[in-house]
Amino acid sequence: MAALSKSSRRILGGIVHWIVLVVFAVVLAFPFYWMFITSFKRTSDLYNLKNNPFIFNERPTLEHLKLLFNETLFLRWLGNTAFAGLCVVTITLLLAVPAAYALTRLTGRWGQRVGIGIFLTYLVPPTLLFIPLSRIVATLGLQDSLWSIILVYPSFTIPFSTWLLMGFFKSIPRELEDAAMVDGLSRFQAFLKLVIPISLSGILTVVIFTFTLVTQEFVYALTFISSAAHETVGLGVPVFLVRGDVYYWGSLMAACLIASLPIAVLYNLFLDRFIAGFTVGSVK
Amino acid sequence: MSALGRQRWLGPAMFLPAILYVAALIGVPFALAFLYSVGDVKVASVGYHFVGLENFRSVLQSPAFRTALRNSFVFTVSSQVLVLIGATILALALKDAFRGRGFIRFLILLPWVAPVSIGSIGWKWILDSLYSVINWVLIRFHLANEFSPPMWLGEPKLAMLSVVLVHTWHMLPFATVIILAGWTALPKDIPEAAAVDGAGFFRRLFQIEIPMMRPIMNVAVLFGVIFTFTDMTVVYILTRGGPYDTTQVLPALAFFTGVLGSDLAEGAAISIFVVPLLVVVAWLMLRTAHRAEVT
């Protein structure tokens, strides 16, 4: 190495850098390429072992998409997911926004402690709670209904959202509210008319985050909901798009692609703020 | 009511609804899980009888449980080791700005941001017994026998390997972005001073940057361990614990026993085994948070 000049070393470094990036990107994104190509391949092409599977050997087709939209409950699942997402987002905002504000501003030192306590409940996994919760859901008469997950999902979206919003509210200068209160607003009015409008970007992060969690959750939906018509997309696609032992891979992969890409794009836009929630305390 | 009195009342009025909601849907079932595990609850049963540690005794005697417990550790440790190594390398490659970074980052994030159940079903197709694209490549390069290609999800060892690798695939982006966040926040002066003093790339990496990154790597590992040890999605979709329970993990076994098998008590007893790990992780996390608060 010592014999290498500085510039050739830099070139070598650049090559290694790109090799690492390309290898990781290809491996990590490959399943999505695979979903894409499977979705548009003719069945005869798909199941011919002689064909090169990486390319279209016959003309692409829309038959799998037609099957997906016309003969399965896919649209219904998308609708269910959107509806459940909307409800969970509403509940989360109504409870988490005031809670985060109160814990940052109105409770002094132990507000932070309570905040950490709430955040830690985010660690309690669904796989520990699903058995008792299935009974609670049954007692409430919500089994096999979309309302079961609308009730339960806020239990993990509220903790994380509260924590995330506490970080936001902390960064708002106290003087702003004090000035507003001197001008005659009550504390609660200042919260409604001043703090919420300037925290819209934080609130939007919570909306996106909550919505993606609703689409990603699997265990509770699997436990509480048993009929295909009431599923969300994250459960309906992998569990109910299979008839007996027959996988309709073309339609299945099309469903996977449609269900994951929009969420991925949204999530990507808000990722940095989301990660900040996990790293608060260990990064300064 | 005086302004001060109203303010004292306002705080609790704003945070109590959230706390009560979480307490009702996490605290109550958490307590119930313990209660079930020492009782005799079945799906249709009405009464409750205390049976002491009976469920735990029967669980511990079952070979399926012991396999699942061992698998859970294998699954968690091996995937987290792979994730940590992969994520550190990847974060290193991504930390400086370069043309196309946004797009590469998007591709790399896909496994984490797409619903994991859907990513797993994608892998199920890639690992298909007949049409696996991996086998097609292996056969093309004469690395596998055309007439008995590897059954990725059908042979115990390969199935475990597949489950671990798919979970690693899913978790890698998450650890990468956390480590990346830590790297960007790292003070630049110390590594730069070391570079001026003649410390090479690897020396700086292993003796300065990685030690400085320890707190943030802890965060990535702690979350990773929890999200892995308590997850059943990848296993459920790829193998359902098979072949012959060889890839069964604790959460999936709890699901099959407690939810599908209707034996709530035994299912609860199985899932209770994740609690010690949760406690340790929560404690470590509080310590990290506390240390950051003090310094």
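Chain B comprises 14 helices and 0 strands, where helices (H or I, at least four residues) and strands (E, at least two) are DSSP runs numbered from the N terminus. The structure is a predicted model, in which local features need pLDDT of at least 70 and side-chain atom pairs count only at pLDDT 80 or more, whereas totals for chains, interfaces and linings use all residues. Residues are numbered from 1 along each chain as its sequence is written, and chains are lettered from A, with ligands numbered from 1, in the order in which they are written.

Chain B has a radius of gyration, taken over C-alpha atoms, of 24 Å, well over the 19 Å that the globule rule gives for 295 residues, so chain B is more spread out than a compact globule; the rule is 2.2 Å times the number of residues to the power 0.38. The C-alpha trace of chain B spans about 80 × 75 × 30 Å along its principal axes.

Of the 295 residues in chain B, 44% are buried, that is, 20 or more other C-beta atoms, placed from the backbone, lie within 10 Å of their own. Helix α8 (residues 189-196) of chain B, by contrast, is hardly covered, with 0 buried residues among its 8, and just after α8(B) a positive phi of about 100° is taken by Gly198(B).

Between the chains, 75 residues of chain A are in contact with 76 residues of chain B, contact requiring C-beta atoms, placed from the backbone, to lie within 7 Å. On the side of chain A that touches chain B, helix α14 (residues 249-279) of chain A gives the most, with 14 residues.

Technical notes:
Contact = placed C-beta atoms within 7 Å. Buried ≥ 20, exposed ≤ 12 C-beta atoms within 10 Å, placed from the backbone.
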